[in-house]
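Keep the picture open beside the text and look up each residue as it comes.

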Amino acid sequence: MNEIKVAFLDDGINTNLLSDLQKVELYSVQNGRVAVCSNGNKGNEITHGTICVKIFEQSVKVKVHIISVEILDSKKRCSADKLITALQWVRQMGIKIINLSLGTSFFQDEMILRMCVNQLAKEGHIIVAAQNNNSFVTYPAAFTNVIGVSASPQNQDILLNTEYKFDGIELFGKSEHDIEVQGNKIVTQHASSFATPYITAIVSNLYQDGQNVWELKQKLCLLCGVGHLELRKFDWCSRAVILQSRSFRFEDRCFCFEVVQRYFFDEIKSKAEDIKDIFTQRIADTLIIAGNCEKINDWLKKEGASVPYTLMIHDDVIPVSKTVCLERTFRIFRQDFGKIFIDEQIENLDIPVVIIYYDNKKEIVKNMVKTNQEFADNGYHCKIFMDRAAGVLYGFEYCGEAFRIKEYIEFHLVDLIIILIDMDHKMQELDSDLNLRYGVSKDFKLNLLPNVEDRDIYEYIEEQL
């Protein structure tokens, strides 16, 4: 097997401390572009990137070519734009494995990073990224198309995180390593950034030319003794083919992805070759099946369609029979918020919670997508939950199982929650700070919580909605 190029995006490496490595190339992001570093000898400076490479070197068993891209400044900070510049350069250079011991929790960075990451994943790049040590949401580690890593609780070598609900972190890895620096033996601290190069080494050992991130995740699952990972969120899609029943209705202009083609169930057999060609040519990355038609996915596979990811949207609240976890398939059902938000009253949270009961799906979707963008433009991180399963197609949140919304808010650093409930589902009536009736009735009630410091956010919400 030929040597594997592995990129380390960090604060640079000190080649003076890495004499055993055969091949090292040094670059840095300067003025919006990647340039060659003329001198990698940093004297006795022990950079974070140097430690990561030494951890990696101890566990990698294949021939590697290290590419260091220095993106952190002297204060160990990096903008999303700078990170994207480095990632796009790595993509152009054809470097398939990327170690990223850093990330961001800022919600406005999420969309631009997600687009970049999905592009790299589509072309077969494997990003191994660390969660921050404060256990807040971290991008790009939280994305489906990234191998997210956190430090294992008792310094175990590698563990699969089978219980995560919304953090997107699949693996726990060993972070406390014995390494030698300048003739002295040191033990690295318990931190996600030091678990990441260890997992990157394992990924490098498993990697075969042409494999994608999902195939590597499956290999890691087998290594951990688990069959395969479940998809937990709809964040990987850039371009999709939609297969739907004629009764299913969408607000097309609000999709958070590009639609390549749409077909109805009753015309699929005559379009099988067209669908197969779309995925063979990698024009689309997702097949969306909207409506209760379980057999279509299996039928397409028998027809030879190679589909990277499948999203199945059901009208039911819960499946009649036990839901089978299908590989690379995310199944969405109508959300029953009365069962999802457990053991707490949502009016007692530290941020505003707005519930809107609607009777016009098309209008509420259009207005909420617009409103969410306006909140973001004004610096407010808003999360919208919709009871209808199709809400994920517009960028709304989905949780298929019970969870504590307070933990969700703290993890995602959310400023505002909006919950959309169809007026026909009265059993889901909930109490909150702001209750609106959209469509039939225009009246609303606004209650201020005494423990919220930024009370002007309520006035802003009232004005926006």
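Leaving aside its neighbours within four places in sequence, which residues is Val 146 in contact with?

## A buried valine and its loop

The partners of Val 146 are Val 117, Ile 127, Ala 129, Pro 140, Ala 141, Glu 170, Val 213 and Lys 217, where contact means heavy atoms within 4.5 Å. You will find Val 146 in the loop between β6 (126-130) and β7 (147-151). With a relative accessibility of 0%, Val 146 counts as buried; the word means under 20% relative accessible area, while exposed means over 50% and partly exposed is in between, using a 1.4 Å probe and protein chains only. Ile 127 is 19 residues away along the chain, and its C-alpha atom is 5.3 Å from that of Val 146.

Pro 140 is found in this loop between β6 and β7 too. Tyr 139 and Pro 140 are joined by a cis peptide bond, with omega about 10°. Most peptide bonds are trans.

## What kind of model this is

This is a predicted model, in which local features need pLDDT of at least 70 and side-chain atom pairs count only at pLDDT 80 or more, while totals for chains, interfaces and linings use all residues. Residues are numbered from 1 along each chain as its sequence is written, and side-chain values use heavy atoms, with hydrogens and water left out.

## The protein as a whole

The protein has 11 helices and 21 strands. Both are DSSP runs numbered from the N terminus: helices are H or I over at least four residues, and strands are E over at least two. Of its 465 residues, 54% count as buried. Take the contacts between residues at least 6 apart in sequence: 70% of them join residues at least 24 apart.

## Two pairs of helices

How do helix α2 (residues 80-93) and helix α3 (residues 107-122) pack, and at what angle? Their angle is about 5°, and their axes are 10 Å apart. Here the axes are lines fitted to C-alpha atoms, for helices over the stretch in contact, and angles run from 0 to 180 degrees between N-to-C directions. The two helices are therefore roughly parallel to each other; angles under 35 degrees count as roughly parallel, over 145 as roughly antiparallel, 65 to 115 as roughly perpendicular and the rest as oblique. On the α2 side, the contact is made by Ala 80, Asp 81, Leu 83, Ile 84, Leu 87, Gln 88 and Arg 91, and on the α3 side by Asp 109, Ile 112, Leu 113, Cys 116, Gln 119 and Leu 120. These residues divide into 8 nonpolar, 2 polar and 3 charged. In this sorting, Ala, Val, Leu, Ile, Met, Phe, Trp, Tyr, Cys and Pro count as nonpolar, Asp, Glu, Lys and Arg as charged, and the others, Gly among them, as polar.

Now turn to helix α4 (residues 192-206) and helix α5 (residues 213-223), whose axes come within 10 Å and cross at roughly 105°. This pair is therefore roughly perpendicular. Ile 202, Val 203 and Leu 206 of α4 meet Leu 216, Lys 219, Leu 220 and Leu 223 of α5 in the contact. The residues of this contact are 6 nonpolar, no polar and 1 charged.

## A helix with a buried face

Which residues of α9 are buried? They are Lys 361, Ile 364, Val 365, Met 368, Thr 371, Phe 375 and Ala 376. Seen down the axis of α9, these fall within an arc of 140°, so they line one face of the helix; the arc is that of the directions from the helix axis to the C-beta atoms. On the other side of α9, Lys 370 and Asp 377 are exposed. An α-helix has 3.6 residues a turn, so residues three or four places apart point the same way.

## Two loop residues with positive phi

Most residues other than glycine have a negative phi. Asn 31, in the loop between β2 (24-30) and β3 (33-36), has a positive phi near 55°. Asn 31 is exposed, with a relative accessible area of 83%.

Lys 76, in the loop between β4 and α2, also has a positive phi, near 65°. Lys 76 is partly exposed, at 47% relative accessible area.
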